[in-house]
Amino acid sequence: MNSVIGKAYAKGWGLPLQGSDVAVMWDGLYWFLYGLSIFFFVLVVGGMIYFAFAYRHKEGRKTKYIADHHTLEAIWTVIPTILLLVIFGWGWSVYKAMVHAPSDAMEVRVIGKQWSWTFQYEDGRTETSKLVVPLGKPVKLVMSSQDVLHSFFIPNFRVKQDVVPGMYTSVWFEAKVPGEHQVFCTEYCGTTHSGMLATVEVLEPAQYELWKAGKPYQLTGVKTPSHDLLVAGQVSARLANANLPLPEQGAKLVQAKGCVACHSADGTAKIGPSFKGIFGHEVELVDGSKVTVDENYIRESIAKPQAKVVKGFNPVMPPYTKEMIGEEDLNAIVAYIKSLK
Amino acid sequence: MAHTEHAHGDNYLNHEKGIWSWMTTVDHKRIGLMYLAAVLFFFLIGGIFALIIRLNLMKAGAPVVDANTYNKLMTYHGAIMVFLVIIPAIPASIGNFVLPMMLGAKDVAFPKLNLASYYIYLLGALFACLALFLGGADTGWTFYTPYSIRTSGAVIMVIFGAFIAGFSSILTGLNFIVSIQKLRAPGLTWNRLPLMLWALYATSVIQVLATPVLAITLVLLIFERTFQIGIFDPALGGDPVLFQHFFWFYSHPAVYIMILPAMGVISEIIPVFSRKPIFGYRAIALASFGIALVAFIVWGHHLFVSGQSELANFIFSLLTMFVAVPTGVKVFSWVGTMYKGSIRFNAPMLYAMGFLELFTIGGVTGVFLATLAIDVHLTDTYFVIAHFHYVMVGGTIMGFVGGMHYWFPKATGRMYNERIAMWAFILIIIGFNLTFFPQFIAGSEGMPRRYWSQLPEFDLMNRLSTYGSWFLAAGFIVVAYNMIKSAKSGPISGPNPWRALTLEWQSPSPPPHDNFGPTAPTVTQWPYEYKGANV
Amino acid sequence: MSQYNEMNPAPHHYGHHFESAEHEFTTAKQGMWIFMVTEVLMIGAIFVGYLLMRGRYPEAFHAAHQVLNVKLGALNTIVLIVSSATMVLGVSAAQRGNNKRAINMLMATIACGAIFCVVKYFEYSHKFHEGIFPGGMYHYEGLTIPHVPLFFSFYFVMTGIHAFHVVVGMALIFWTITRIKRGQISKQFFTPVELVGFYWHFVDLVWIYLFPLLYLLG
């Protein structure tokens, strides 16, 4: 463990950035296996290609009648066995470090449900889709599902564990890199499995204190790899569709953003209310109050879907941040919903 | 008019004519061909679904289907390929054709049961396909609970189809075991059994012991959906992880049902085209059974992050490591067979070499996944998808296509076109690596599996993979074209164009209805005795 | 074919891929044994599931099993044991060429099977009347400890699948009787009777495990 502290946390080619010491340990084992694989690949496939060339059929060529060679066979049975035991042992020791949380780890509860992540902190506060943790302190996530199997995966920290209904599972990590780290759901859970994303925000100590106090804070450090791409992608998608009328751009966006998984355009109620005919009308909410569906209602329901849920529907819509649906996209979506009379 | 001249007049193809004679046949050779047609048909369907999946993933934010359709496509791609293609591919088609002939027998032990197995397979396939038109299933081919209990769609019908198809697998395995034990020709001792038969024997043992567990698991899942029995449903006190244990208790041995026959094919091809005995015959035969044994005690490596205990993880990881030993022994022995041979690069040999490249990569990446710590990050990502496609397609399908080319002259009496076969092989090997190697990289970077919509950071790997899928598809289309055209009008091959020494080559090509005529052949030597005049 | 019957059976032609009738017979027996092994695997899996759940909820399973009717279960056990005895007698009669006696014994076996099914019908319908159903449909007021329905899920699935196999067995025996009547069974060829006998003994054996496990041990 000690040899790992003080290492630079790099982004290796083909691996996510190393967000923790565990990630550095993990990468070491991975590259060892990679090197070993290349060695055996060269041995086997290189050998095969060499033999194919050196012993290709030639007129008059005689073959050697070799049916076995006990020493050679013993070697290629025993050596791989030893190597595999070494690999197992190394894997087991890294695994223990990955799953045994330090006793002083700070606990956060995680609730997985179709299709979002909710985080419940020790002080009672809950947040959706965003896990805020302090830099350099061990954090243990105690997780459970409200409905079906999910799995909580943070590539930068090399942690993953299924989130199971009816039992608690846990992961732990100590983040060494401040910034935004991607979270995926990695156990297929239905329609919007691929939309069940979240981020871990690792805050510098001072910023963390601000967050704890409920004050505005600053997130510095790394960004998720798709952070800028998503924003850029939005721009290029808009440019590609720029010649289309706004409602048609909106129609494309509700497809691309996954809204159609839950909202129909033809009046059928699915998991969410249909878009058809909803704009400009009054709807009743789950708490009995009434609200008119206007531009602001749509904006609010996209960013904070749990705020005003229509009666007869469940509060299951995941929130879409400004990065996921920017202002121009929002305008196009509103125009589209307006157009569905 | 050479193309009308069938070898030696009466053969199994013209013995009886008409579609009814095929539908009611108990001739293992005809049954093998009927299985081949069905397997290739479902390979086409499953392959088309794969192409759509790859098109959908080509660019983030530019899907070609909606999420629900995608989830059904990925479910069906898996279910069709696993249950209707890869498991029966070699045993039921090539195995049925070749096994009795390699034994010097006139048929399998239970010919009528063999035909019944075929119809059971078709019935299972029918239910699964019917389900697609009645709402399909979007559970993934692994049907994990509780999602598979709750989701709407024709889930019960798909599961029922898989359940029925499983009996085809069990009965074929039963037939093969008894055939090998009871129908060996005079002189065919265990020491002279061809490695293809050792492989099919080990495969059949797994089929017979593992598939019943899948059967009861699927039945229980059907009862969960209809009667809410609650065994796997946490809302009723049941355990969703228990489902995973039951499911993988079959499905892990199932992957060895898939690979062992392919290994058998490779063991036949390499000595023939190297004109040398197979290196390490005894070791390879033993390794087949070693693999079959270890196959049953490692299923928990699919559950490393499921919430199962640390002790279970320890045991399963350790045991999984051991499956690499007999596998490695086989790979080294195959390469060793080529040493000081006199190698010809006909299509079967090309596919055998392609198998060695692809299966080696598939095998070493299996070691990554067996390593506990490593699996935590890589499981449920595209790394796993790449691993199993390398072994299942790169392994089994290469063995299957190589075997099809190898036994093509035996079954048809004609030779396929070598040049076209070579080009198809090149397309396949390039296409395969381009499709699946980027998936190792994307998976290591964290790209999850079963995602309708992937993040833009994975775009490059996804695009490369999709391009690869087009080459791969093209390669298979060329193979199909070559097979179909050559079966109709290829040059006459003669009984044994490869000068191979296993019994099936001692009959005419195509063989007569009863394989060898009234008297069974006698075996006097080891089938890899490539010395002297046999070289 | 019509001149052949149980008193005048036809000569048997073994399959062209066998060397002799004996070869065909031993091969058929081997196939049947392997088939029995597959059934053992299937049953084994659900037994394992049962034992795991029983270990997890011992009080619920113990309380639930006391609701079962041990008397009827024991009666069914005796019925099946008797049926295995009649089956043995039927097979040995066929082996000796005594087709008339074979038919009688096989019919007695079917009768025992029918009694088994009738007793089972009474058992099940009484349970349904009380509201005892598998899993989610359970609504028996007399026993409401959590997880009791899980026991009944196993009870109905295991005894239900077993009963299904009894019915299949009865059909197979009936088919065998038909073959004897058509003159297809003789001292030279009685394989179908022997194999159906294996099957029936196996189904009986499974009940011998099920009864104590569910009714007595709980």
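## The nonpolar cores

Welcome to this predicted model. Its largest nonpolar core holds 342 residues, and those with the most contacts inside it are A:W117, A:L141, A:F152, A:F173, B:W334, B:F355 and C:F152. Here a nonpolar core is a set of buried Ala, Val, Leu, Ile, Met, Phe, Trp, Tyr and Cys residues joined through side-chain atoms within 4.5 Å. The element that gives the most to this core is helix 3 (residues 67-103) of chain B, with 24 residues. Another core of 24 residues lies apart from it, and among its members are A:L285, A:I298, A:V310 and A:L340.

Leaving out residues up to four places away in sequence, A:F152 touches A:V110, A:W117, A:F119, A:L141, A:M143, A:V159, A:K160, A:Q161, A:V163, A:V183 and A:F184. A contact, in this report, means heavy atoms within 4.5 Å.

Residues are numbered from 1 along each chain as its sequence is written, while chains are lettered from A and ligands numbered from 1 in the order in which they are written. As this is a predicted model, local features need pLDDT of at least 70 and side-chain atom pairs count only at pLDDT 80 or more, whereas totals for chains, interfaces and linings use all residues; side-chain values use heavy atoms, with hydrogens and water left out.

## Chain A

Chain A contains 7 helices and 12 strands. Both are DSSP runs numbered from the N terminus: helices are H or I with at least four residues, strands are E with at least two. The radius of gyration of chain A is 27 Å, whereas a compact globule of 341 residues would have one near 20 Å. That radius is taken over C-alpha atoms, and the globule rule is 2.2 Å times the number of residues to the power 0.38. Along the principal axes, the C-alpha atoms of chain A fill a box of roughly 90 × 60 × 40 Å.

Of the 341 residues in chain A, 48% are buried; buried means under 20% relative accessible area, exposed over 50%, and partly exposed in between (1.4 Å probe, protein chains only). Chain A exposes about 16100 Å², with carbon and sulfur atoms supplying 60% of it. These accessible areas come from the Shrake-Rupley method with a 1.4 Å probe, and for residues only the protein chains shown count as cover. Among contacts in chain A between residues at least 6 apart in sequence, 60% join residues at least 24 apart.

## Chain B

Chain B has 15 helices and 0 strands. With a radius of gyration of 23 Å, close to the 24 Å that the globule rule gives for 535 residues, chain B is as compact as a globular protein of that length. Its C-alpha atoms fill a box of roughly 65 × 45 × 45 Å along the principal axes.

In chain B, 70% of the 535 residues count as buried. For contacts in chain B between residues at least 6 apart in sequence, 82% join residues at least 24 apart. The accessible surface of chain B is about 15800 Å², and 71% of that belongs to carbon and sulfur atoms.

The size of an interface is often given as the accessible area lost when the parts come together. Chain B and chain A bury about 7600 Å² between them, 71% of it on carbon and sulfur atoms. Buried area is the accessible area (1.4 Å probe) that two parts lose on being put together, summed over both. On the chain B side, B:F279, B:F332 and B:H377 lose the most area to chain A, together 9% of what that side buries.

The contact draws 91 residues from chain B and 86 residues from chain A. Across this interface of chain B and chain A, the rule finds 0 salt bridges.

## Salt bridges

Over all chains, a search of the whole structure finds 16 salt bridges, each a side-chain nitrogen of Lys or Arg within 4 Å of a carboxyl oxygen of Asp or Glu. In chain A, A:R109 pairs with A:E107 at 3.2 Å, N to O. A:R109 is partly exposed at 31% relative accessible area, and A:E107 is partly exposed at 28%. A:R299 and A:E327 form another salt bridge, at 3.0 Å, N to O. A:R299 lies in helix 6 (residues 295-303) and A:E327 in helix 7 (residues 327-339) of chain A, so the pair ties together parts that are 28 residues apart in sequence.

B:D239 and C:R56 meet in a salt bridge at 2.8 Å, N to O. This pair crosses between chains, from B:D239 in the loop between helix 7 (195-227) and helix 8 (240-274) of chain B to C:R56 in helix 1 (residues 21-56) of chain C. B:D239 is buried at 11% relative accessible area, whereas C:R56 is partly exposed at 43%. Finally, salt bridges that share partners join A:D21, A:E174 and A:K176 into one network.
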